[in-house]
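Student: I would like to learn how to read helix packing and charge pairs in a model like this one. Could we go through it together, please?

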Amino acid sequence: MPVPHDLLADLHITADAFQALIDKDPALHKLHKEYNGKDKEVVAAEGNGTADEAVNRLRKERLLIKDKIERIIHPPKS
């Protein structure tokens, strides 16, 4: 059975710390909503027998959103 992806574990951040960042940054909040929506699409596609190609596309789209979130939370060191 498909399960939602654990974004906070991937980002190595607690729920409280992440919520504090979201509360301060509307762009991060928007990305988080997009991520959650895409994650629901992935879970639904995995659970209803959607073709592998379509599931992989959705997973890649979710990953791109996660990467944007990660760059905000953990910006690259210069």
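This is a predicted model: local features need pLDDT of at least 70, side-chain atom pairs count only at pLDDT 80 or more; totals for chains, interfaces and linings use all residues.

Student: Which hand does the crossing of α3 and α4 have?

Tutor: The crossing of α3 and α4 is left-handed. Helices here are DSSP runs (H or I, at least four residues), as strands are (E, at least two), numbered from the N terminus.

Student: At what angle do the axes of α3 and α4 cross?

Tutor: In general, two packed helices are described by the angle between their axes and the distance between the axes. The axes are lines fitted to C-alpha atoms, for helices over the stretch in contact, and angles run from 0 to 180 degrees between N-to-C directions. Here the axes of α3 and α4 cross at roughly 155° and come within 9 Å. That makes α3 roughly antiparallel to α4; the classes are roughly parallel under 35 degrees, roughly antiparallel over 145, roughly perpendicular from 65 to 115, and oblique for the rest.

Student: Which residues of α3 and α4 meet?

Tutor: Contact means heavy atoms within 4.5 Å. On the α3 side they include Tyr-35, Asp-39 and Val-42, and on the α4 side Leu-58, Arg-62 and Ile-65 are among them.

Student: How many salt bridges are there?

Tutor: The general idea is that side chains of opposite charge can pair when their charged atoms come close. A salt bridge here is a side-chain nitrogen of Lys or Arg within 4 Å of a carboxyl oxygen of Asp or Glu, and the count comes to seven.

Student: Where does the salt bridge of Arg-62 and Asp-39 sit?

Tutor: Their side chains meet at 2.6 Å, N to O. Arg-62 lies in helix α4 (residues 52-73) and Asp-39 in helix α3, so the pair ties together parts that are 23 residues apart in sequence. Arg-62 counts as buried at 11% relative accessibility, and Asp-39 is buried too, at 6%. For these labels, buried means under 20% relative accessible area, exposed over 50%, and partly exposed in between (1.4 Å probe, protein chains only).

Student: How far apart in helix α3 are Glu-34 and Lys-30?

Tutor: They are four residues apart in helix α3 (residues 26-47), which means a separation of about one helical turn. Glu-34 is partly exposed at 34% relative accessibility, while Lys-30 is exposed at 53%.

Student: Is Lys-66 buried or exposed?

Tutor: Lys-66, in helix α4, is buried, with a relative accessible area of 13%. Leaving aside neighbours within four places in sequence, Lys-66 is in contact with Leu-7, Asp-10 and Tyr-35.

Student: How many residues make up the largest nonpolar core?

Tutor: A nonpolar core is a set of buried Ala, Val, Leu, Ile, Met, Phe, Trp, Tyr and Cys residues joined through side-chain atoms within 4.5 Å. The largest has 11 residues, including Leu-7, Phe-18, Leu-31 and Ile-69. At least two residues of this core come from each of α1 (7-11), α2 (15-24), α3 and α4.

Note on methods
Residues are numbered from 1 along each chain as its sequence is written. Side-chain values use heavy atoms; hydrogens and water are left out. A crossing is left-handed if the near helix is turned anticlockwise from the far one by less than a right angle, and right-handed if clockwise.
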